[in-house]
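Subject: Structure handover and findings

Hello,

Here is the structure I promised to pass on. Please open it alongside this note.

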Amino acid sequence: GDKTENQLRMSVIQQGTATLRKAKKTIVKTCLDNPFVFQWKTIDGEDMHFILETLEERIKHIGLKKIESPRRKKRSLTKKQTEKKCDASTNEPPKEETESHQQKPGWTDVSVRRQLAIGVNEVTKALEKNELLLLLVCKSAKPAMITLHLLELSASRGTPAGQVPRLSESLAPLLGLTSVLALGFRKQAHTFTEAIAAIIPKIPALEVPWFQYGTQESMASADTDSSEDLEPEELAEVLGDKLTSQKRKHRESNQPDLSHVILQPLKIKKLVPNPNKIKKPPRKKKKAFS
């Protein structure tokens, strides 16, 4: 009996040693790295304050704001809280509740809202369709890659674009939103013509290696027009007409001048996912309250 037990134990140990885990091979992914480095140009402090003040004044004057529907409280009140409310309650309801009931949830003026493109996704779609006259991007976007693709898109469409610090902090509470990382003004933005005409000369030209001829000419034309004694509405119309005329010229010219373009070598970048092999902590199961 003892011999058979020892034989069984030895067989189990041998089987266990035979099935060892093999070391996994490190997965390496190769990709082409971009040789160009894109960065938004910094706007001066005076120009930044001027842009924010003009936008704040215009939005306050229009009264554009998003009103959200009041959320119902899930937690039930305790006896003490109900007693306090009954003691302090009066026949007249509070002003905040009456105002929230009177105003319907949604945007106060839908026609003005359609003239704007708010958010990164909406701005990207509008740029792809070439529907913007001006684009402003917030500097507080993290990571910066969220708004970096808008630089190339706006340069390809010839729309003036700039990165404004504190854009989200100053405009989001006025519009009733949590954040405004990107704000675009459409070509049919008639209520913002004066603001657009005043802001465009304050924005520096975009620098993209393969679109050097597009944005600089448009910004130069904007500077020359702003020096003349023109009304803001006329100035905005002239800017829109010149942008469309430049785009037509670029479409007609099938052979652009590529003498200033310098070819850059592409680098192969190797990526190792999770190199330190950090494992995620296991999720804790929620205990059912008795």
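Below is what was found in it, element by element.

This is a predicted model, so local features need pLDDT of at least 70, side-chain atom pairs count only at pLDDT 80 or more, and totals for chains, interfaces and linings use all residues. Residues are numbered from 1 along each chain as its sequence is written, and side-chain values use heavy atoms, with hydrogens and water left out.

**Helix α2**

Start with α2, residues 45–62. Helices (H or I, at least four residues) and strands (E, at least two) are DSSP runs, numbered from the N terminus. α2 has 18 residues and reaches 26 Å from first C-alpha to last. That is close to the 26 Å expected at 1.5 Å a residue; the expected span is 1.5 Å times one less than the number of residues.

Seven names make up its buried list: Asp47, Met48, Ile51, Leu52, Thr54, Leu55 and Ile59. Seen down the axis of α2, these buried residues fall within an arc of 160 degrees, so they line one face of the helix. The arc is that of the directions from the helix axis to the C-beta atoms. Buried means under 20% relative accessible area, exposed over 50%, and partly exposed in between (1.4 Å probe, protein chains only).

The face turned away from the buried side of α2 carries exposed Glu46, Glu57, Lys60 and His61. The buried residues of α2 pack against β5 (132–138), β6 (161–164), α8 (167–175), β7 (182–186) and α9 (193–199). Contact here means heavy atoms within 4.5 Å. Just after α2, Gly63 takes a positive phi of about 80 degrees.

**Nonpolar cores**

A nonpolar core is a set of buried Ala, Val, Leu, Ile, Met, Phe, Trp, Tyr and Cys residues joined through side-chain atoms within 4.5 Å. The largest one has 28 residues. Leu55, Leu136, Val164, Leu167, Phe185 and Ile199 touch the most other members. Two or more residues each come from α2, β4 (116–118), β5, α8, β7 and α9. The largest share, five residues, comes from α2.

Leu55 is in contact with Leu136, Leu167, Leu171, Phe185 and Ile199, leaving aside neighbours within four places in sequence. A second, separate core holds 18 residues, including Leu127, Leu132, Leu150 and Leu153.

**Helix α6**

In α6 (residues 120–128), Val120, Val123, Thr124, Ala126 and Leu127 are buried. They cover an arc of only 165 degrees around the axis, which puts them on the same side of α6. Exposed Asn121 and Lys125 sit on the face turned away from that buried side. The buried residues of α6 pack against β4, β5, α7 (145–157) and β7. Asn130 follows α6, with a positive phi near 60 degrees.

**Salt bridges**

Side chains of opposite charge can pair when their charged atoms come close. The structure holds five salt bridges. The criterion is a side-chain nitrogen of Lys or Arg within 4 Å of a carboxyl oxygen of Asp or Glu.

- Glu207 pairs with Lys41, the closest N and O atoms being 3.1 Å apart. The pair links distant parts of the chain, 166 residues apart: Glu207 is in the loop between α9 and α10 (212–227), Lys41 in the loop between β1 (29–33) and α2. Glu207 counts as exposed, at 56% relative accessibility. Lys41 counts as partly exposed, at 35%.
- Lys202 pairs with Asp47, the closest N and O atoms being 3.9 Å apart. Lys202 lies in the loop between α9 and α10 and Asp47 in helix α2, so the pair ties together parts that are 155 residues apart in sequence. Lys202 counts as partly exposed, at 32% relative accessibility. Asp47 is buried, with a relative accessible area of 18%.
- Glu122 pairs with Arg113, the closest N and O atoms being 2.9 Å apart. Glu122 counts as partly exposed, at 25% relative accessibility. Arg113 is buried, at 15% relative accessible area.

Arg113, Glu122, Glu131 and Arg186 are linked in a network of salt bridges.

**Cys31**

Finally, Cys31, found in strand β1. Cys31 counts as partly exposed, at 29% relative accessibility. Its C-alpha is separated by 7.7 Å from that of Leu271, 240 residues apart along the chain. Not counting residues up to four places away in sequence, Cys31 touches Lys267, Ile268, Lys269 and Leu271.

Best wishes
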